[in-house]
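Here is a friendly walk through one protein chain, taken a few places at a time. Please keep the viewer open as you read.

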Amino acid sequence: MMKGKNREIKGIFLIVALVFLAFLIIPVLRLLGKSFLGDSGFTSAFYREVIGSKGFIEALGNSFSVSSISALVTTLIAFFMAYTIHYTNISGRLKKLIKTIAVLPMLLPTITYGFAIIYSFGREGLLTRIFGRQLFQIYGMNGLLLGYVIYTLPISFMLIFNAMSYIDKKFMVVSRIMGDKAGATFWITVVRPLLGTLAASFVQSFFLGFTDFGIPAAVGGQYEVLAGILYDQMLGSVPDFNNGAVVAMVMLVPSIVSILVLRFLEKYNVRYNKISPIELKKNRVRDVLLGGASILICVGILSIFLVIFVVPFVQDWPYNLAPTLENFKNVATDPELSNVYINSLYVAFFTALFGTLIAYGSALVTARSQVNKILKNIIEGIALVTNTIPGMVLGLAFLFAFSGTGLQGTFGILVLCNVIHFFSTPYLMMKESLAKMNASWETTAMLMGDNWFKTIVRVVTPNAVSTIIEVFSYYFINAMVTISAVIFIAGARTMVITTKIKQLQYYNQFNEIFVLSLFLLFTNIIFKVIFQRMAKREARTEASAGIGADVSLAERKSVRIAKRITAAAVRSWRKEAIWRRI
């Protein structure tokens, strides 16, 4: 049985390893080779040309500056909002509202953020007209900073919010009893346990901003960043593939550094063995100040996206504000625009399907098997790499690796790119869920005569359905909104909403851009609500059944088997004792 189990597990590992070898390792190696190999063979001339070119060092510095500042601001805002939810007595509805709005930007592509900023804070923007003057210059550092903060807030908030859930609040009481001042109590009981998470939030936010393409494409202006340079090198008026490969490899450096930093920060994560529920001290001033400030942040986020719900419903913003639905009719009746919406659904569904299978299979190897630790570490390493490799770099690697093959210009290459790009989080979600399950289920099934595969299908999978749905949802929504990962590999026939928005930008067709953005937003909201309800229903079913009906039956059978074995052993011992007496 154990040999058979290991054979099946190793088979799953082999499939996963081959997928990442073919669609991660080899493409990245091809990209690396492209940056060094010229017509005359191996050379470092491309690196010297790019690094020595006018504006490259400045763009590199700009990327570091704006990404660092936005990461710091994002982490502070995310901490503030999470603290408001966990450490104040504001109403549950208000807490739920803050949490919902904090993650809302995840449902839109980053390129839409940029256009929303333009139409909100531009000279004729909605908020400019409301306030009577332009609040700040939107192109360059200001626009990028605002866009990056909105973009990275959901990830930062979820990291800090979840980590804060595992802090034992009883230590606040202990600190006060020991005579610590309010500031010392705050530092010792809240900030210190979160130092690792706060640092990880900064690293993740920095990395996301550093590698994003959508926001610079809209509001970057003359403030050049690396992502814009990479796009210009590859899809500009005079494409230069070798120099583009060099820029991509430079963008990989923060990826490598972030892997090392995240590994180092893991030891600073604090997890208490027991979380003691306590009633928070009543403090109306604290609740009003923190709750009010969090609401203001939420209003600020919503106000930026408000323009998306205004511009498509008027004749010609800002000159003719007569209400109309013509913009929606034009998009719905334009086969080219309606097809990109269908393409997005198609790519998102198959990304979610195959991505969930890969994540589940990988998690089975690391969480439900006794295979060699080296094999498990390989998958853990893959998860770390995919968590930090920039989408543009991966898309460019796919372009070099699969040009001229049967995958070029197909939906398959988009699906595979998304599956690899978003693998890390679904895998970790799946692994955590499987690791929490009873480790003896496979042994119990072996006693019943079932093989390992049947156990996974009949016992383990039914108890992981809620997590599987969440993983499917994560893949689906991210595949709908991504632009960086597919900008280089989406063709005319396989164009999706995000890449079509970039194309429409050249023709200043912003009505169509916002209509497509609304289609995308409502689609993601609908599917997210459906997935959440399905996951909650399955979670309640799993909880009400304890460890699941199948598992309960299996364990009852295993107990009966154990009793029979024990009874048989006792009878055998008695017979042997009688014969000895005779």
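## A serine to start with

In which helix is the place of Ser-424? Ser-424 belongs to helix α20, which covers residues 424-435. Bear in mind that this is a predicted model.

Is Ser-424 buried or exposed? Its relative accessibility is 4%, and because buried means under 20%, Ser-424 counts as buried. Leaving aside residues up to four places away in sequence, Ser-424 touches Ala-383, Thr-386 and Asn-387.

## The chain as a whole

Stepping back, the protein chain holds 26 helices and 4 strands. It has 582 residues, and buried residues make up 50% of them.

The contacts can be viewed by sequence separation too. Take the contacts between residues at least 6 apart in sequence: 81% of these join residues at least 24 apart. Ala-17 lies in helix α1, residues 2-36. With a relative accessibility of 25%, Ala-17 counts as partly exposed, because that class lies between 20% and 50%.

## Helices α3 and α14

Two packed helices are described by the angle between their axes and the distance between the axes. For helix α3 (residues 56-87) and helix α14 (residues 284-306), the angle is about 135° and the axes are 10 Å apart. That angle makes α3 oblique to α14. The crossing of these two helices is left-handed.

Which residues make this contact? From α3 come Ile-77, Phe-80, Met-81, Tyr-83, Thr-84 and Tyr-87. On the α14 side they meet Arg-286, Leu-290, Gly-291, Ala-293, Ser-294, Ile-297 and Cys-298. Sorted by class, the contact of α3 with α14 has 9 nonpolar, 3 polar and 1 charged residues.

## Helices α5 and α24

Helix α5 (residues 110-121) packs with helix α24 (residues 497-506) at an angle of about 35°, and their axes are 9 Å apart. Here Ile-111, Thr-112 and Phe-115 of α5 meet Ile-501, Lys-502 and Gln-505 of α24. By class, this contact of α5 with α24 has 3 nonpolar, 2 polar and 1 charged residues.

Moving along from α24, you come to the loop between α24 and α25 (510-544), where Asn-508 is found. Asn-508 is not a glycine, yet it has a positive phi of about 55°. At 56% relative accessibility, Asn-508 counts as exposed, because exposed means over 50%.

How do strands β3 and β4 run? Strand β3 (residues 314-316) and strand β4 (residues 320-323) are antiparallel, and 2 bridges join them.

A hairpin of 3 residues leads from β3 to β4. Where is Pro-318 found? Pro-318 sits in this loop between β3 and β4. The peptide bond that joins Trp-317 and Pro-318 is cis, with omega about 0°.

Conventions: Residues are numbered from 1 along each chain as its sequence is written. This is a predicted model: local features need pLDDT of at least 70, side-chain atom pairs count only at pLDDT 80 or more; totals for chains, interfaces and linings use all residues. Side-chain values use heavy atoms; hydrogens and water are left out. Two strands pair if DSSP finds at least two bridges between them. Axes are lines fitted to C-alpha atoms, for helices over the stretch in contact, and angles run from 0 to 180 degrees between N-to-C directions. Angles under 35 degrees count as roughly parallel, over 145 as roughly antiparallel, 65 to 115 as roughly perpendicular and the rest as oblique. A crossing is left-handed if the near helix is turned anticlockwise from the far one by less than a right angle, and right-handed if clockwise. Contact means heavy atoms within 4.5 Å. Ala, Val, Leu, Ile, Met, Phe, Trp, Tyr, Cys and Pro count as nonpolar, Asp, Glu, Lys and Arg as charged, and the others, Gly among them, as polar. Buried means under 20% relative accessible area, exposed over 50%, partly exposed in between (1.4 Å probe, protein chains only).
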